[in-house]
Amino acid sequence: MTPQVSGIQFKQMEAFQAVMDRGSTSGAAVLLGLSQSAVSRLLAQFERDVGLCLFKRSKGRLIPTDEAFAILQDAQGLMESVQCLRRHAEQLRIGGFQRELIKVSLPSTLALKLMPSVVDGFVRNNPGTVIELLSQTYRNTERALLSREADIGLVRVPVVLPGLQVLATLESEAICIMPNRHPLRRLKVVNCADLEDVPLILLGRQGPMRKEIDHLFRQARFAPRVLCEVHAVEVACAFVARGLGLSIVNSLVASHCEDMGFISRPFLPQIPFHMGVATLAQATKRPLEQAFISDLVQALRKPAQAV
């Protein structure tokens with residue numbers, strides 16, 4: 001059942017705050033993962049239930065009224081309280097009064113290859129902790145942090161959505177990975193010309209990294225021979241290790257997959273990656289969260305230094 005305060009639904013307040021943050025129903029829809037019509041409907045219901053005109057409509061634009069700014073802080077406070085209630089209920093559900101829940105979001109490759117050791121060490125040192133792990137894209141991690149579905153997340157920097165705080169940054173770059181006995185292993189670096197007529201395993205076209213790779217290919221007037229598109233680095237690594245082709249991937253993420261059996265070479269021109277461990281900006285950082293962030297950052301940086 002949707003939480004309600006004096007007949008006002010939590011979803012309505014969430015839509016109201018999102019519109020105030022983004023300045024439009026379309027921007028709020030992207031933030032909340034809803035359709036624009038659904039946001040408009042929730043906003044109209046909220047205005048009706050509070051009995052105030054919160055926005056003036058002018059040429060398709062929403063202009064907040066003085067009343068909207070006056071109640072914004074109250075709405076944010078109520079949302080914070082509901083989220084605290086949800087967290088408390090989750091903690092009671094998973095372990096009673098003696099256990100504390102930390103929700104972490106990061107790409108599936110790191111969830112699979114990195115997190116087992118990180119969580120193992122952390123819960124041994126903090127036996128009253130329960131970790132909930134969300135495997136999703138960097139963009140969806142931003143949404144999860146803003147909606148409080150996650151406490152800690154790995155994101156690309158700079159972040160797209162406002163309201164997040166990046167606590168630690170990590171630098172990486174693209175590398176070319178290949179089967180152990182591939183002829184290109186003799187090269188010290190790989191560029192577009194070296195990949196002529198070589199089967200490639202590329203990340204999906206919807207992702208930001210693929211867009212950067214495609215842009216580089218166009219600049220070099222290079223037509224790649226794409227054998228397969230995948231949507232996770234560990235899948236690309238598995239295909240390469242199988243001998244199906246070469247791939248261009250994030251070196252930091254791929255460094256956690258080296259046990260699969262492939263080799264890597266620097267790729268030129270260089271494609272830099274900037275990532276960060278982020279939280280909700282206004283959220284209070286619990287001591288256990290801060291300790292987990294420290295362990296996570298340390299684990300992320302270790303293999304990157306060896307690549």
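Visitor: What is the mean pLDDT of the protein chain?

Guide: This is a predicted model, in which local features need pLDDT of at least 70 and side-chain atom pairs count only at pLDDT 80 or more, while totals for chains, interfaces and linings use all residues. Residues are numbered from 1 along each chain as its sequence is written, and side-chain values use heavy atoms, with hydrogens and water left out. pLDDT is the predictor's confidence in each residue, from 0 to 100. In the protein chain 91% of residues reach 70 or more, and the mean is 87.

Visitor: Against which elements do the buried residues of helix 2 pack?

Guide: Helices (H or I, at least four residues) and strands (E, at least two) are DSSP runs, numbered from the N terminus. Buried means under 20% relative accessible area, exposed over 50%, partly exposed in between (1.4 Å probe, protein chains only). In helix 2 (residues 25-32), the buried residues are Thr-25, Gly-27, Ala-28, Ala-29 and Leu-31. Their packing partners are helix 1 (10-22), helix 3 (36-50), strand 4 (61-64) and helix 7 (138-146).

Visitor: Is Met-115 buried or exposed?

Guide: Met-115 belongs to helix 6 (residues 115-125). Beyond its neighbours within four places in sequence, Met-115 contacts Val-104, Leu-106, Leu-110, Asp-120, Leu-133, Phe-292 and Leu-296. Because its relative accessible area is 1%, Met-115 is classed as buried.

Visitor: How many residues are in the largest nonpolar core?

Guide: A nonpolar core is a set of buried Ala, Val, Leu, Ile, Met, Phe, Trp, Tyr and Cys residues joined through side-chain atoms within 4.5 Å. Among the members that touch the most others are Leu-154, Phe-217 and Phe-292. The residue total of this largest core is 59.

Visitor: Which element gives the largest share of the lining of the second largest pocket?

Guide: On a 1 Å grid over the protein atoms alone, a pocket is an open set of points where a 1.4 Å probe fits, with protein on both sides within 12 Å along at least five of seven lines; lining residues have an atom within 4 Å of a point. Of the 25 residues that line the second largest pocket, those closest to its centre are Thr-137, Tyr-138, Gly-207, Pro-208 and Met-209. The largest share, three residues, comes from helix 7.

Terms used: Contact means heavy atoms within 4.5 Å.
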